[in-house]
Amino acid sequence: MKKMHIVLLLLVVAAIVVLISVFGNFSTYETFASASKQPGKSIYVIGILQKDKEMEYDPQKDPNHFIFYAKDKAGNTNRVIFNGEKPRDIEKSEQIVMMGYQEAGTFHCSRIQMKCPSKYKKDMVVEGNNS
Amino acid sequence: MEFIGEHLRPGQLGHFFVITSFVGALFSAFSYFRAARTEQTDPLASRSWLLFGRSGFVVHTVSVISIFIALFYIIETHLFEYNYAWEHSSLSLPGKYLLACFWEGQEGSFMLWTFWHCVLGLVVMRTARGLETRTMAIIALVQVGLATMILGIHFGPEFQLGKTPFILLRHVMQNAPIFSSPNYMNFITDGNGLNVSLRNYWMVIHPPVLFLGFAATLIPFAYCIAALWKGEYQTFIKPTLAWSLFNGAVLGTGIMMGGAWAYESLNFGGYWAWDPVENASLVPWLVLIAGLHTLLVYKSTGRALSLTFILLLLTHLLVWYSTFLTRTGILGKTSVHAFTGDGKALTYHLLIVIGVLLIVAMVLLVRRWRSLPRIRSEEETLSREFWMFIGSVILFLASMQIALSTSIPVWSPLAKWISGKDFAPPTDPMLHYNNIQVWVAIIVGLLSASVLYMKFKNSDARVLGKRLGITALIGLVLAAGIGLGQRITMWQYDIMLFAACFGIVANIYYGIVVQKFKFKKLGPSVSHLGFAMVLLGILLSSYNKHAISFNITGEEFNPGKKTAEENAKENSENELLFRGVTSPMGEYQATYVSDSLSMKGKDKIIYYNINFEKRDPKTKEVTEQFTLHPDAFVNTKGEGVLTVNPSTKHFWDHDIFTYVNHIHGGLLDKSKSDTISYKSHKVNKAGDTVIINSGYMVFNGLDRKIADARYVPVDSDLIISARFTVYDNKDKPVKDIAPIYILRNRREILHIEDTIPGMNLNVRFENLMVKSPTDVTTEIMVKQTDSDFVVLKALVFPYINVLWLGIIIMVFGFFISLGNLLSRDTSALIAKN
């Protein structure tokens, strides 16, 4: 065997090992219920903003604290705390993808992606302050 | 029905040229194909087929330019009966952005791509000589595929092939009632306008450059196909190398401009976010660079031909795959700025084109695989080709990791079928990519520092060891200095820092000592120097990127991070700035001074003027002062959605990057200030307190003496004032106020309010209720509109200029190599004649 073949083999093995080891990085789409089963694990939940429930945001007190309620695809409504500023026009969103983790009945969210009804408006992502 | 006021001629002409461009490309592809097939057997027929092919391509090119002109005419003269003009432009749009309207839409950006292929195709036609028939057959074939994208021909009610930019508005919205009246044009007076975030000078120049970079990948692809087709592997080397160098430079510039645009006008908080759209342009570039290097290996040693073909063929296919990812909407929920999806028709259309190109490439490669020239002997460990080959493989593997992670929506249905899990992108994409790519950066950085010192075939180990030892030592010292100074503590980033510093030192040393500064030969070392600077710039600017806006008022909440440090960071990167109040921000004192309005067409843009001041800690003198103007606008195109743009202060060694996150009051929502009504409060004796939003007021008693200039005395008046002292939140007295109560002619009650403008406070003496001489109740009405404020995020990017400079130097290096290659080519030609 040529040494180039050995090097290539090593590289390919290394690539496969890296791929397997980072596979855990990929997250999953969950519901609030399935997220509760793995508290503290960072996942995505797709839901709809519950407009009839109260939204709390008082930037004078804390600009990085926004509380709202969302209903997931299974139909369960959950309280969500977003550690960022209230996304502009979240009321107009059609669907929101929330990234975060479930803990003690509350979903702690650090990124919100909103799907807007307008065909001219691109989807919008709002980051929490973890960058 | 006859419609009044429509201008149908430009659209008809445009559509005619769409058809001729398609037919021209088809004819050209067929003729060139015939010319290639008859080249050996019947040179005379081949010659006439060649001429047919050329004329077909010229017809195609002229048609494409005509389409461009027709569409530009429609946009420029504001013919809103056409959907494209209506959707992407408006009357008030400044002239310089008219071109940007082209690439806002899907059809326009396909046209831009087609146009560049035409231009490059004409150059290939004139320069490819013996390979003209085959390269041009492929180029024309790709043009056929692209032309179908804008054909817009219906087959039955369900299926439509492509989307024409010349479709009328009334055809797009057939069911809208407005189009049932013949004079509907009277009601359509203005278009939708261009998305405001695209109204940026980067948006005028960045898409053409990026698309030229994408388009240029076609040429190495075509040359590789031609070489395989002909079964002749020498003549393609030089043109492919030249085009790959050109391609690497242009695509690299395009990616940099994309980063600069994101940095200047999007609030991503940076120039690179591993966003799928960004990745989609980076992956082809990485594969192209890998292919360029293996081609150099092949040119010098005759090795690595098969990998060269794989990489260069793949580069162009990846550009199509990127188009598929970003245009069809398949990325949907995973990307911020993926184009709006045009749905299924486009998905299948693109899959068919990719499929055809893939099959052509695969079939040729498989058929020629066994006959490709190979060198049986083993390469030396200290040879340039050995390490260049390894570097290329690593670049390729790295690009595949990025492609695989970006393609989640493509493979997740399969993964769900296998595992039952619904896979999503990594929750921290930056970390996901950085953790892997840092190692690629290290290895490729070390290789690009040392590989030039090695010679093809074999190198003198002693000389090599000495040179590498010296430069690595200097690099190590440099890295140690920077690492300590910049407090880079994570060990893998320290290694990356060393790789970058070693790269910088080694390539400068190589250029000066080994190459003796011969400009023509400096290409590789200059590119490698630029690459090392890019690595250093990325490392310094992102490792020590930090917020200087801290929330000093907020309550803590637990973001669930592992360390207290991370928790605190999450809590505090936004800072609240009241208008007129100065707050500390990093080493500065920041003040939200004012907001100002500017109309950009229909869109209101509001600038927030934030003053930054730095004072000398001892003398308290202002040593530095500047104003930043982050803005916000109501996007009329996005149904009134608010969008913000950052504002950046550039210093030579760092940038201060700010944008507003939240806006309260001011010009943007005046309504909020006015809806607040008066609240009633009653006080009885001196010392009583009234709580207001931003402090409190203490009652000092009533006073018959009036010293208010606004009051003109009238004899019959009974007049009295209520004296208060207003304190702010920090118990500091702000001002004494005395609203006045007047009883005129014993009937008419008048009030003179007192105000504190800085606190938005209005106080009215509403009523006086006297029950007995000792029991007097004073009723006052207090209105305090909320103070205007913005929530600002301010980030510092240290040494970001190293990154920009690095890219420019790298691109410059490509052009030096290209110039050298072309001049050798010409001089060889002259010598021959």
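**A chat about helices and strands**

Guide: Happy to! Keep in mind that this is a predicted model. Let's start in chain B, where helix α17 (residues 461-485) packs against helix α18 (residues 491-514) at an angle of about 135°, their axes 8 Å apart.

Visitor: What do you call the arrangement of α17(B) and α18(B)?

Guide: Angles over 145 degrees would count as roughly antiparallel and 65 to 115 as roughly perpendicular, so α17(B) and α18(B) are oblique to each other. Their crossing is right-handed.

Visitor: Which residues of α17(B) and α18(B) meet?

Guide: On the α17(B) side they include B:Ile474, B:Gly475, B:Leu478 and B:Ile482. Among their counterparts in α18(B) are B:Asp494, B:Phe498, B:Phe502 and B:Tyr509. By class, this contact has 13 nonpolar, 3 polar and 1 charged residues.

Visitor: Okay, strands now. How does β17(B) pair with β19(B)?

Guide: Strand β17 of chain B (residues 718-728) and strand β19 of chain B (residues 740-744) are antiparallel, with 4 bridges. One to click on is B:Ile720, whose bridge partner in β19(B) is B:Tyr741.

Visitor: And what about β19(B) with β20(B)?

Guide: That pairing is antiparallel too, with 5 bridges between β19(B) and strand β20 (residues 748-752) of chain B. B:Arg744 stands opposite B:Glu748 of β20(B). The two strands form a hairpin with 3 residues between them, and there B:Asn745 takes a positive phi near 55°.

Visitor: In what order do the strands of the open sheet in chain B come?

Guide: The order is β14-β23-β22-β21, a sheet of 4 strands with antiparallel pairing. β14 (679-683) and β21 (754-756) of chain B are at the edges with a single partner strand each, so one side of each has no neighbour in the sheet. From one strand to the next, the twist averages 30°.

Visitor: Which strand does β21(B) pair with, then?

Guide: It's β22 of chain B (residues 761-772), joined to β21(B) by 3 bridges in an antiparallel run. Look for B:Thr755, which has B:Asn762 in β22(B) as its bridge partner.

Visitor: How much of chain A counts as buried?

Guide: 40% of its 131 residues do. As for contacts in chain A between residues at least 6 apart in sequence, 46% join residues at least 24 apart.

Notes
Residues numbered from 1 in each chain as written. Chains lettered and ligands numbered in written order. Predicted model: local features only at pLDDT ≥ 70, side-chain atom pairs only at ≥ 80, totals over all residues. Axes fitted to C-alpha atoms, helices over the stretch in contact; angles between N-to-C directions. Parallel < 35°, antiparallel > 145°, perpendicular 65-115°, else oblique. Left-handed = near helix turned anticlockwise from the far one by under 90°. Contact = placed C-beta atoms within 7 Å. Nonpolar A, V, L, I, M, F, W, Y, C, P; charged D, E, K, R; others polar. Buried ≥ 20, exposed ≤ 12 C-beta atoms within 10 Å, placed from the backbone. Pairing = 2+ DSSP bridges.
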